[in-house]
Amino acid sequence: MPFGKQFAGTLIASLTLMGLAVAHASNDTSGNAGAPAMTAAEKEVAKKIYFERCAGCHGVLRKGATGKNLEPHWEKTQEDGNKLEGGTLSLGTKRLEKIITYGTEGGMVNYDDILTKEEINLMARYIQNPPDVPPEFSLKDMKDSWKLIVPVAERPKKQMNKVNLKNVFAITLRDAGKLALIDGDTHKVWKILDTGYAVHISRLSASGRYVYTVGRDGLTTIIDMWYAEPTTVATVRLGSDARSVDVSKFKGYEDKYLIGGTYWPPQYSIMDGETLEPIKIVSTRGQTIDGEYHPEPRVASIVASSEKPEWVVNVKETGQIMLVDYTDLKNLKTTTIESSKFLHDGGWDASKRYFMVAANASNQVAAVDTKEGKLAAIIDTAKIPHPGRGANLFHPEFGPVWATGHLGAAVVSLISTASDDPKNARFKQYNWKVVQELKMPGAGNLFVKTHPKSKHFWADAPMNPEREIAEGVYVFDKDNLSKDPVRLDVAKDSGLPETKAIRRAVQPEYNVAGDEVWISLWGGKADQSAIVVYDDKTLKLKQVITSPEIVTPTGKFNVFNTMHDVY
Ligand code: DHE
């Protein structure tokens with residue numbers, strides 16, 4: 001599954017590798033016996049490239065997750081007692097150079113036009129040496145990094161601007177290290193803020209006043225939209241690599257706390273929701289669902305429950321889903337639910353009782369019952385489910401269904417979800433099954449989206465290697481899901497000149513009214529990109545938001561829809 005070659009950062013390495021089988025690791029080689037020699041300066045360069053392009057999939061310790069194990073040597077005893085072993089040392093520099101240059105059938109992208117020949121040789125040698133283990137990050141480190149730019153008492157007492165905050169879009173400008181806040185009513189860029197390296201997601205405070213960002217450099221920021229112009233009021237570092245944050249949303253705890261999950265070190269941290277003052281760190285190291293110790297269980301998606309004062313924390317490598325009760329942080333109670341390995345992203349079902357999370361390397365989706373605090377089901381799906389937050393539809397034949405796209409299969413899966421509504425009792429027999437697969441023009445989907453007021457359902461395919469597929473989005477009719485989707489040519493509609501690199505159409509996001517859909521046209525770092533806005537009813541182009549500042553836009557988070565989990 002080759003990926004967008006023009007994109008810098010972990011994106012390429014990580015998502016592109018999602019199709020790879022997981023080779024379980026055990027013992028590291030100690031020392032670098034037999035590994036090609038490297039100078040200290042070479043190692044520093046390689047370390048940076050590894051972190052930016054490889055660690056997302058292969059892990060910092062290189063034990064593999066969605067990408068393969070990349071330790072110099074690994075051994076594994078199978079259930080039948082047979083021993084398996086392998087490693088980068090046994091592959092050697094020439095073979096590794098080939099893999100990095102041309103990619104593999106299994107999903108590794110070709111790096112020949114991302115890295116120079118010298119860099120490829122450097123990386124081939126580097127991964128035969130033992131992994132560099134980054135430092136741990138303690139509560140003290142967090143506290144030392146904490147910057148309270150404006151104390152709460154000095155912030156505005158009321159909204160100082162006339163912007164309809166509910167319809168603001170927070171948009172990641174990935175490779176620019178910035179966040180754009182765009183007024184959804186006027187389609188005008190309101191403010192572009194510095195956020196640190198490659199913000200991954202934005203989330204909203206329960207009040208809708210604050211935007212939180214979290215980036216691949218582990219930096220979290222809180223932006224106050226009550227000022228005349230949005231202003232960053234605090235920042236804190238969670239570790240050296242992070243992907244997720246969410247606030248406490250349960251009644252009585254609104255915005256009291258913020259939780260952040262890190263890839264490195266593998267842990268989650270709890271902070272004050274308005275100041276980001278660090279309060280507590282909890283490690284996620286421990287046993288996988290198979291009972292093996294894992295030293296790097298990274299925190300993937302986190303979401304605040306509406307059933308209880310809890311966060312759902314999904315731990316990738318262990319396959320454990322933790323329900324973290326935030327009512328008493330000193331005597332922290334967590335419920336640990338065994339599910340399936342390599343948990344990634346997910347979203348709520350229509351009732352908001354069940355959290356649906358993709359275990360993408362296992363080709364499964366786990367459903368957690370947050371009311372009962374237990375696993376509801378594990379559902380087998382097509383290859384590599386990647387829902388983003390997924391989408392909720394009412395299927396004429398199967399009732400409430402939650403949808404996920406797939407990186408590894410040309411379908412969107414519809415999973416029947418349980419419902420407490422007696423009207424839906426007749427659909428019970430279908431619950432927790434894939435009831436329909438909608439045909440997509442190819443694999444490589446990342447995000448699907450709908451809105452309760454819309455008759456459409458949108459899916460992208462940015463990771464498909466074909467320009468024709470990746471530059472478009474696909475719109476299904478909710479009343480006739482078996483009908484082929486309408487293709488909208490986002491790259492063409494943007495009016496921007498064609499570039500050598502594919503411009504990926506990524507992540508449909510609705511406005512607050514549910515009558516517009518915004519798509520990022522994600523071009524190369526040196527190219528101008530755009531946000532392309534469609535009328536959801538007519539599917540006609542409405543507006544192209546572009547300027548030289550719109551560089552590599554990816555995730556978009558409409559304030560209201562993000563606050564209330566509308567999808
Ligand atoms: Fe994401 C969500 C991890 C690559 C855009 N991404 C998530 C979440 C996780 C995650 C754990 C869920 C957060 C949550 O809900 O709390 N993403 C990873 C990776 O590990 C991976 C594969 C590689 C990496 O090194 O980061 C990766 N992701 C990407 C991209 O390359 C994307 C397409 C572009 C980008 O900006 O980096 C990308 N990820 C997104 C977006 C969301 C996301 C837009 C939020 C979707 C939503 O609607 O909530």
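## Around valine 211

Setting aside neighbours within four places in sequence, valine 211 touches Ala170, Leu179, Leu181, Ser202, Arg203, Leu204, Thr221, Ile222, Ile223 and Met225 (contact means heavy atoms within 4.5 Å). This is a predicted model, where local features need pLDDT of at least 70, side-chain atom pairs count only at pLDDT 80 or more, and totals for chains, interfaces and linings use all residues. Residues are numbered from 1 along each chain as its sequence is written, and side-chain values use heavy atoms, with hydrogens and water left out.

Let's look at the cores. A nonpolar core is a set of buried Ala, Val, Leu, Ile, Met, Phe, Trp, Tyr and Cys residues joined through side-chain atoms within 4.5 Å; buried means under 20% relative accessible area (1.4 Å probe, protein chains only).

| Core | Residues | Some members |
|---|---|---|
| Largest nonpolar core | 34 residues | Val168, Leu181, Val211, Tyr212, Met225 and Leu238, among those with the most contacts inside it |

Strands here are DSSP runs of E with at least two residues, numbered from the N terminus.

Histidine 200 sits in strand E7 (residues 199-204). Its NE2 atom is the single protein donor to the iron atom of the ligand, 2.0 Å away. Donors are N, O and S atoms within 2.8 Å of the metal (3.2 Å for Na, K and Ca); water is not among the atoms, so sites may look incomplete.

Notes: Helices (H or I, at least four residues) and strands (E, at least two) are DSSP runs, numbered from the N terminus. Buried means under 20% relative accessible area, exposed over 50%, partly exposed in between (1.4 Å probe, protein chains only).
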